[in-house]
Amino acid sequence: MTGPGSVHGLPGGSVAVRCQYERGYEDYLKFWCRAGTVWCSSGHIVYTNGSEAEVTQGRVSIRDNHTQRVFTVTLENLTLADAGTHHCGVHRTLLPDLRATVEVTISPAIHTSTSTGRPPVTTEQPSGAASTSITLSISSNDTHAL
């Protein structure tokens with residue numbers, strides 16, 4: 001079972017998490033949950049029924065592709081509360097579930113602005129960057145300081 005390790009999104013945006021599993025688990029239930037101290041806290045957020053049909057629970061959907069042996073979890077309309085450690089996994093009856101840990105980071109975009117009157121430019125932070133919002137204002141008198 002492998003996942004991306006970490007994903008990054010912006011509030012109001014969406015992220016897609018692809019989790020790969022081994023041959024032989026195509027018809028098993030796949031799931032997405034928030035990590036707890038031992039397994040999943042508060043149960044599974046969303047899970048498949050063993051088919052390739054998309055299943056949606058609130059702002060989270062999951063779709064399995066048996067041919068590629070990968071399932072995709074999509075989180076829509078992200079909020080800061082979506083951040084944290086999650087698991088994508090394959091449920092196995094009478095055996096421990098197969099799971100991969102995915103760290104979800106939600107952080108605002110970096111806003112930059114100038115004194116030219118042009119609107120600020122918004123860029124997404126690279127994955128793994130600190131979740132700090134920075135506003136940079138430069139006046140024509142400050143350009144020599146750069």
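A polar contact is a pair of N or O atoms within 3.5 Å. All views below show a predicted model.

View 1. R99 belongs to strand β9, which covers residues 98–106. Its side chain is joined to that of D97 by a polar contact of 3.3 Å. With residues up to four places away in sequence set aside, R99 touches M1, F31, C33, W39, C40, H87, C88 and G89. Among these contacts of R99 are C33, C40 and C88; C33 and C40 are joined to each other by a disulfide, while C88 is bonded to C19.

**View 2. The disulfide between C19 and C88.** The structure as a whole contains two disulfides, and one of them joins C19 to C88 with an S to S distance of 2.1 Å. Because C19 lies in strand β2 and C88 in strand β8, this pair ties together parts that are 69 residues apart in sequence. The torsion about the S-S bond of C19 and C88 is about -105°, and the disulfide is therefore left-handed. C19 is buried, its relative accessible area being 0%, and C88 is likewise buried at 0%.

**View 3. The disulfide between C33 and C40.** C33 and C40 are linked with an S to S distance of 1.9 Å. The link is left-handed, with -60° about the S-S bond. C33 is buried, with a relative accessible area of 0%, whereas C40 is partly exposed at 21%. When the bonded cysteines of the protein chain are numbered in sequence order, the pairing reads 1-4, 2-3.

**View 4. The open five-stranded sheet.** Five strands, in the order β1-β9-β8-β3-β4, form an open sheet of mixed pairing. Its edge strands are β1 and β4 (40–47), each of which pairs on one side only. Neighbouring strands of this sheet are turned against each other by 30° on average, direction ignored. Strand β3 (residues 30–35) pairs with β4 in the antiparallel sense over four bridges, and W32 stands opposite V46 in β4.

**View 5. The largest nonpolar core and V73.** The largest nonpolar core comprises 20 residues, and those with the most contacts inside it are V17, W32, F71, V73, L75, C88 and V102. At least two residues of this core come from each of β2, β6 (60–65), β7 (70–75), β8 (84–90) and β9. Strand β9 gives the most, with four residues. Leaving aside neighbours within four places in sequence, V73 is in contact with V15, A16, V17, W32, V60, S61 and I62.

**View 6. The loop residue P11.** P11 lies in the loop between β1 (6–9) and β2 (15–20). At 43% relative accessibility, this residue counts as partly exposed. The C-alpha atoms of P11 and S107 are separated by 6.7 Å, although the two residues are 96 residues apart along the chain. Not counting residues up to four places away in sequence, P11 touches L78, L80, I106, S107 and P108.

**View 7. Two residues with positive phi.** Most residues other than glycine have a negative phi. R69, in the loop between β6 and β7, has a positive phi of about 55° although it is not a glycine. N77, in the loop between β7 and β8, also has a positive phi, of about 45°, without being a glycine. With a relative accessibility of 47%, N77 counts as partly exposed.

Definitions and conventions: Residues numbered from 1 in each chain as written. Predicted model: local features only at pLDDT ≥ 70, side-chain atom pairs only at ≥ 80, totals over all residues. Heavy atoms only, no water. Buried < 20%, exposed > 50% of the residue type's maximum accessible area, 1.4 Å probe, protein only. Contact = heavy atoms within 4.5 Å. Pairing = 2+ DSSP bridges. Axes fitted to C-alpha atoms, helices over the stretch in contact; angles between N-to-C directions. Polar contact = N/O pair within 3.5 Å; in protein donor to acceptor, adjacent residues only side chain to side chain. Core = buried A, V, L, I, M, F, W, Y, C linked by side-chain atoms within 4.5 Å. Disulfide = S-S within 2.5 Å.
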